Structure formats: C-alpha cells, structure tokens
Amino acid sequence: MLRFILRRVLQVIPVFVGSTLLVYFLVFSMAGNPIDALSGGKPISPAVVAQLTAQYHLDQPFIVQYGIFIKNLFTFNLGTSFSGRPIAAIIGQAFPVTARLAIMALAIEAIFGVTAGVIAGLRKGKLFDGTVLLASLVVIAIPTFVLGFLLQFVVGVKLGWAKPTVSSGADWGDLILPAVVLGLVSFAYVLRLTRTSILENMNADYVRTATAKGLSRPRVIMVHILRNSLIPVVTFLGADLGGLMGGAIVTEGIFNVPGVGNTLYRAVLSGEGPMVVSIVSILVLVFVLANLLVDLLYAWLDPRIRYA
Amino acid sequence: MSKDRVQITEEATSEPRPLLELRDLAITFDTSSGEVPAVRNANLTIMPGETVAIVGESGSGKSTTALAAIGLLPENGRVSGGRILFDGEDLTKADSKRIIELRGRSIGMVPQDPMSNLNPVWKIGYQVRETLRANNLARKDVDVQVAEVLADAGLPDAAQRAKQYPHEFSGGMRQRALIAIGLSCSPRLLIADEPTSALDVTVQRQILDHLATMTADLGTAVLLITHDLGLAAERAEKVVVMYKGRVVESGPALEILRNPQHPYTQRLVASAPSLASQRIKSAKSAGVKSADILTPESGATKAKSDDVIEVKNLTKVYKLRGGKGAGADFKAVDDVSFNIKRGTTLAVVGESGSGKSTVAKMVLNLEKPTGGNIIFDGIDLTALDKKALFNFRRRVQPIFQDPYGSLDPMYNIYRTIEEPLRVHGIGDKKSREAKVRELLDQVALPASSMRRFPNELSGGQRQRVAVARALALDPEIVICDEAVSALDVLVQAQILNLLADLQAELGLTYLFITHDLAVVRQIADHVCVMEKGKVVEAGTTDQVFNAPAEAYTRALLDAIPGSRLELRPEVA
C-alpha cells in the first residue's frame with residue numbers, strides 16, 4: 001500500500017515538469033510582446049521597457065526563464081502581475097472561490113446522480129427510469145452557456161429564488177446557482193454511469209449467489225450490488241473534481257464568479273505569461289493529486305488492484 | 001369413508017415424505033419474440049439424504065429447473081405450471097419472505113463457476129459470515145465459526161485464508177469456499193450446479209469426494225446438475241436425463257447407464273467421453289486403413305511415416321515481475337522433447353499450468369522458445385526468416401478452444417474461411433469461393449451458412465467453422481488447443497469424429513492439447529503427459545491408459561469421472 005502511494009507520488013514529478021514546461025513554452029511563443037500589451041499600445045520610454053524586460057527576465061533564453069520560474073514557484077515567490085498585485089495574492093483569492101464552487105457542484109452531481117442512477121437501475125424500464133434517462137439526455141445535449149443563461153434568467157431574475165450574479169465575496173449562498181449549472185452536465189453522466197453499472201452488477205453471478213445464501217433484498221443491494229457498482233462512478237467523480245477545480249471559464253463568466261477560470265481567462269487575454277503559468281502549474285498539481293486520490297479510493301473499493 | 005382416510009395417513013407416515021418434489025413443473029421465459037417454454041412437465045423426487053443428478057446438455061433446462069426450486073429464476077423467467085413441493089410445502093405459492101427464509105438454511109446452493117460467484121470486493125471470511133448472520137446461525141465467536149466452516153470444506157489454514165480476497169484464491173480453493181457457504185447453515189437440500197466443471201480433473205475429484213463426505217455427515221440431500229453422465233452415475237443414486245426442457249428418462253443411475261431407453265440417453269451414453277474406451281475410427285478408414293492410423297510404424301505408409309515434427313529439449317522461461325528481490329524466473333516448459341509421425345495424432349495432456357498450451361504456442365511459432373529446437377519437416381523453426389515463416393504458417397494451422405472468442409464477430413462465415421486464402425494469395429475470387437464451399441461441405445455445414453455471422457451459429461457449428469478455416473490452406477499439421485473442451489458431449493463427439501474423418505481423408509497430423517484424458521482416449525495415437533512444465537510420461541495411448549507408469553498419470557486417469565464404473569454397455 002505504502003509502496004503504491006510512494007510510486008504514485010513519484011510519478012507526479014515527471015508529469016509536473018512535463019506539463020509546466022509545455023505550458024511555459026506555449027506562453028513563451030505566444031504572438032505579441034507582453035510589454036506592448038501591458039502599455040496598451042501607448043508609446044513608453046526605452047528606459048521603462050528595459051526595466052520591465054529585466055524585471056520579467058524577458059531578455060533571457062527560454063530555458064533560463066523556465067528555470068527562474070520553477071525556482072520562484074518553489075520559493076512561493078510568484079512575482080507580481082502586470083497590474084502590480086502579487087500573483088500569489090490573486091491566486092490566493094481566486095482558488096477558495098473555485099474550490100467552494102467545485103465542492104458544491106461535486107456534491108450536487110454525486111448525491112443526486114448516484115441516487116437517481118441507483119433507483120433507475122433497480123427499476124429498469126419503469127417510468128422513473130425512462131424519465132430520468134430522457135432528462136439526462138436533454139441536459140447533456142444543451143450547451144453550458146445556454147443552460148447557464150437560461151437558469152440565470154428564469155431562477156435568478158424572473159423567480160428571484162437565487163442571486164443571478166455572484167458578489168465579490170462569493171459566499172456559499174451566492175454560488176448555489178452556478179454550482180447547479182456546473183454540476184448539471186456531470187450529474188447526467190454520473191446518473192447514466194451508475195445506472196449502467198448497477199444493471200451490469202445486478203446480473204452478476206455473485207449477486208445470485210448472495211441471494212441464494214438467504215440474504216435479504218436490501219442487503220444484497222447495499223452490500224453486493226452498490227459497492228461494486230460505485231467503483232467506476234468514484235473514478236469519474238474524482239477525475240471530475242480535478243476538472244472542476246480548474247475553474248469553469250464559461251460558468252464563472254456567466255455568473256461573474258471571481259474564481260480561477262475567470263482569472264486565467266483574463267491573464268491569457270492580456271498575455272501575462274507568469275500569471276498563466278503559475279495558475280496552470282497549480283492546476284496541474286491539483287489535477288494530479290485528485291487523480292492520486294481516485295487511485296487510492298479505487299484501490300480501497302476494489303481489493304484486486306491494491307498492489308498493482 | 002373415515003377409515004379410508006386413516007389408512008391414507010398411516011401410509012403417508014410409514015413412507016418417508018420426499019424432501020423435494022417437482023410435479024409437472026413448467027417454466028417459461030418472456031423474450032422479445034414472445035413466451036419461450038424452457039421446461040415442460042418436469043417431474044422429480046428427492047428423498048431426504050439422497051443424491052439425485054440432472055443430466056443434460058446446455059440449454060436442456062437442467063439449471064433452470066434447479067434454480068426454480070430456490071426461487072432464483074432470471075427476471076424474465078417464471079413458473080408457468082406445476083408445483084414445487086419442498087417438504088410438502090408448495091414453493092410456487094410461497095411469498096418472497098418465506099423463500100428468503102428457506103434459502104441458505106433449508107436449501108443451499110453451490111454454483112457453477114468459482115471465478116465469478118464470489119464477490120471480488122469482500123473478503124472470503126466476510127462472505128461466509130454474512131451467510132451465517134442472515135440465517136441467524138452466527139455464534140458469538142463468529143470468526144472462529146467461519147474458520148471452522150471453511151476448514152470443514154477442506155480449506156487449509158482456514159483462519160488466515162478467511163482474511164483473504166477471492167482473487168488470492170485458486171479456482172479449487174474458491175470452490176471450497178463456495179461449498180463452505182452452501183453448507184454453512186447445514187441445509188436439508190443442496191443444489192450443486194456443475195460444481196466442478198471449471199476445475200482440473202484431479203481437483204474435481206477431491207472436491208466431489210469432499211462434498212460427498214460432508215453431505216453424508218450432515219444428512220443433506222443433493223441435487224447435482226451436470227452435463228457429464230459418467231460423473232452423475234458415479235456420484236448420484238438416481239439420474240434424471242433432461243433434453244430440450246423435458247425429462248426424457250429417470251431412474252437409478254446404473255440402470256440408466258446400462259440400459260438407456262430413450263434415444264437421447266442412448267446417444268449420451270454412447271458418446272460420453274468418460275465412458276469411451278476406444279479410439280474413434282474414421283468411418284471411411286474403418287477397413288484396412290485403420291491399421292495404418294493406429295500403428296503408423298507398421299511400414300504400410302513407408303516414406304510417409306517420417307517424423308513431421310521433432311521437438312528437442314524445448315524450454316520456455318518467463319520472467320516474473322513484482323517478485324521480491326531479483327525478478328524470479330518461471331519455467332513454463334522444461335526440457336520437453338517429442339516427435340510426431342506424419343498422419344498421426346499426439347496428445348499433450350496436463351492440468352492448467354502444466355505448460356501444455358505454451359508448447360502449442362511455440363510449435364505454432366507464436367511464442368519464441370528460450371531454449372531447444374522445433375524441427376518441422378527438416379526445417380528448424382527457430383531460424384526462420386519472414387518469408388519462410390509465412391510459408392510455415394500455411395502448413396501449420398491452429399484450432400482454439402473457445403468457438404465464441406476465436407471467430408471475428410464482424411466477419412461472416414465466408415469471409416472467415418476465405419481470409420487465409422486471400423492473405424496467402426491463393427486462387428482468384430471464383431476459385432476461392434469454390435474452395436470455401438468444398439470446405440463447408442467437408443465439415444458438414446450447409447453452403448447457405450456462408451452468409452451467416454458467428455452469433456447466428458451454435459457452439460458446435462462455430463467449431464466446425466474453425467475447423468474449416470484451419471483446413472483452408474491445406475495444412476499438413478493442425479494444432480488443436482483444447483479444441484473440444486468448451487462443447488457439450490454430443491457436439492464434442494461429432495467434432496472428434498469429424499477430425500478423425502478428416503485425418504483419414506487428408507492425411508493430417510494433429511497435435512492435440514487437452515486436459516481431458518477421456519478425449520485423448522478417443523483421438524490420440526500417442527500421449528505425452530505434462531506436469532509442471534516437464535513431460536512425466538510418454539507412450540502410445542494404449543500403453544499410457546492400460547499401464548500408466550507414473551503416479552501422476554494414474555491420478556489423472558483415476559480422476560476421470562466414471563472411470564471406476566465397470567459397465568461399458570455394448571451400444572453400437
């Protein structure tokens with residue numbers, strides 16, 4: 001078990017180096033001069049240009065810049081943004097908001113998705129099953145920006161049940177509506193995955209054997225069908241958490257959520273290399289850790305792969 | 001009037017009441033194409049403590065009948081007529097609460113496939129414990145009780161083993177765990193659905209012996225379901241033969257074997273491999289030629305009786321990963337040598353893990369030997385270049401075990417058989433089609449099956465297609481890796497006869513890989529017995545069967561179900 005975790009943690013290193021290098025290179029080769037972008041196209045004195053160039057190491061070759069960046073990353077010295085605020089402070093503000101949003105979205109899709117999926121699977125072909133299958137298909141088919149604006153308008157503006165936009169504090173109550181929008185698509189996938197998995201396991205030989213042992217129906221379902229069926233669902237949810245933590249550019253944009261997605265989007269537009277790469281590096285870490293969590297959960301749920 | 005009634009009661013008490021009685025049981029399945037009757041008018045009686053076997057091929061309704069008795073029919077199946085009386089109580093009228101009460105405690109079950117019948121995510125001990133708990137039989141020291149139950153089923157070191165997961169168990173051990181679960185609540189009736197068909201013969205025998213001892217001790221009646229008539233006769237007092245959902249014959253086991261009445265039972269007895277004692281003689285070679293096949297050394301074949309395959313000191317070593325310390329080596333095949341004479345059949349026999357399939361793969365040149373040589377018709381296989389290898393492929397063809405897995409489901413039968421011809425650039429479209437027709441005719445399939453897909457054919461038909469595909473290139477050698485193991489006995493007999501006929505007709509040489517000694521008896525001229533990668537005994541089939549020199553060979557022979565029955569009836 002310990003070896004398994006250790007090996008997985010060591011695997012983070014090449015993934016981290018590889019992905020940051022790639023992102024750094026992409027940002028490095030982005031068209032346009034970042035100082036022009038900073039000045040907004042207005043002429044500035046050569047002295048200021050030289051000073052800024054030195055400050056952001058823009059005159060150094062790629063690999064040296066990357067080296068400096070990695071060094072700074074590990075000393076938590078991320079530098080300042082073009083607006084003069086420390087990048088660490090900006091990220092420190094945006095991440096909790098996105099984390100809150102992600103956890104809420106994940107809770108929504110996990111609780112409702114698994115529950116509805118289990119019921120649909122156990123009642124295959126009945127009314128409930130047909131209804132949720134159709135509904136989930138509709139949800140999957142509608143793009144997020146349509147769904148987002150629709151809910152914002154109907155639930156937020158017309159009915160007034162939830163705030164249509166998020167205030168700068170972005171507390172839990174503010175985030176309900178964006179969390180629903182964000183979780184809705186994955187909810188549909190979780191539902192379908194759970195349902196399929198339940199159906200598959202219901203006909204497994206060991207379920208029949210469990211029944212033959214004299215177990216009650218609820219026990220057969222809880223102990224022998226549910227746990228086995230949740231293995232693929234947990235994998236999906238874990239991977240999804242990584243995705244949600246990366247911030248949802250569209251959803252955060254619609255509801256004006258001051259989260260990671262929004263910040264990243266603005267940084268890309270203004271060509272702020274250090275900011276983009278800093279955020280992406282943290283996202284890579286989050287993603288890798290989320291996947292590690294999935295693998296550990298997976299090994300816990302399915303003993304067959306424990307030492308694999 | 002009242003006197004009559006008293007007499008009836010007296011009669012009923014003096015005659016013990018049957019434990020399980022099926023009266024005119026009918027079961028139907030609701031399918032997309034309407035109702036399909038699976039079992040019709042099945043009658044069966046089991047007295048307390050008695051062992052009764054239901055024998056039949058797959059699809060005969062034998063499992064369905066037994067599952068109905070414990071209320072475990074698949075969702076779309078239902079009892080559509082008749083009665084299931086368990087100790088006088090009609091289970092077709094019992095509610096689900098009553099059925100759950102009976103399951104485990106009164107009627108236990110040992111299922112067929114030990115690989116899929118234990119939940120992979122729970123420890124063995126847990127799966128035994130919940131059975132005891134569900135039936136309110138758990139003692140305070142339930143862990144000790146679980147270990148006892150497992151130990152009773154013949155699991156060594158049970159207390160430790162209970163803490164392991166199913167995937168850490170071998171097939172035989174899993175089956176013991178399942179037997180432990182089935183018998184943990186000392187049921188009055190045990191339904192054993194092909195309890196050992198997935199296991200090696202020697203393991204099979206140990207498990208059946210153990211099961212017999214345990215059920216005798218507990219006084220448990222057993223309903224044994226099997227496709228193997230020899231096994232049924234050896235283990236059961238009464239045999240019920242089912243065919244296409246009907247009981248066609250029933251009675252004392254030995255009587256049915258000695259004197260089968262129904263034509264189907266007669267065919268079953270005649271083709272039961274475990275009871276056969278003779279090599280199949282091709283109908284076409286029944287005359288003079290048969291002597292050549294049986295004794296190729298006789299000189300009648302002269303130039304043709306050379307060794308077509310010579311295997312010398314063949315060794316295959318696999319590197320095992322993940323072992324502690326340096327990677328351990330695993331010798332799958334250890335210094336194996338044998339020859340096959342042209343036009344004869346050599347059978348390589350062994351249990352799973354004996355290395356027999358690895359030998360086949362190396363002879364097929366699908367796997368490179370670690371050491372040793374394979375000489376095919378004077379050419380050393382280890383030194384073939386690409387072109388020579390391609391030519392070699394044409395001359396040596398395989399038939400594999402699983403007719404469901406070895407045919408491409410997206411290819412129709414014509415394409416499957418024609419593909420090797422096309423790959424090897426033989427003939428044009430027209431002549432290839434003629435060849436496919438000829439091949440289908442040789443394996444006794446109608447030409448109309450050309451346009452069909454594998455899923456439209458039965459297991460036996462698919463295996464015929466596999467044979468036709470193997471023969472398409474007119475090979476000299478056909479390597480059959482468990483080619484009939486997945487088939488029902490009657491179909492198995494048909495395929496074996498087909499192979500024998502083709503051998504006589506085309507002068508084929510067979511390398512037959514199998515775990516089933518009964519099949520060897522019917523098809524092989526020479527036998528190599530393998531154990532743990534080594535050849536432990538080799539000789540002509542008669543020698544090996546009549547006077548086995550090695551203890552291992554004797555154990556294998558003894559373990560053939562029905563081998564101890566001395567009753568070969570003279571069925572023509």
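Me: In what order do the six strands of the open sheet in chain B come?
Reply: Keep in mind that this is a predicted model. The sheet is open and its pairing is mixed. Its edge strands, pairing on one side only, are β6 (107–110) and β10 (246–252) of chain B. Reading across, the order is β6-β7-β8-β3-β9-β10.

Me: Which residue in β9(B) is the bridge partner of A53(B)?
Reply: Strand β3 of chain B covers residues 51–55, and β9 of chain B covers 238–243. The two pair in the parallel sense over four bridges. In β9(B), the partner of A53(B) is V239(B).

Me: Which helix of chain B packs on the sheet by touching β9 and β10?
Reply: Over at β6 and β7 (189–193) of chain B lies α7 (residues 171–183), running at about 175° to β6(B). The helix touching β9 and β10 of chain B makes about 110° with the direction of β9(B). That one spans residues 263–271 and is α11 of chain B.

Me: How many helices does chain A have?
Reply: Chain A has zero strands. Its pattern along the sequence is α after α. The count of helices is 13.

Me: What share of the contacts in chain A between residues at least 6 apart joins residues at least 24 apart?
Reply: Chain A has 308 residues, and 35% of them count as buried. Its C-alpha atoms fill a box of roughly 85 × 55 × 30 Å. Of those contacts, the share is 75%.

Definitions and conventions:
Residues numbered from 1 in each chain as written. Chains lettered and ligands numbered in written order. Predicted model: local features only at pLDDT ≥ 70, side-chain atom pairs only at ≥ 80, totals over all residues. Buried ≥ 20, exposed ≤ 12 C-beta atoms within 10 Å, placed from the backbone. Contact = placed C-beta atoms within 7 Å. Pairing = 2+ DSSP bridges. Axes fitted to C-alpha atoms, helices over the stretch in contact; angles between N-to-C directions.
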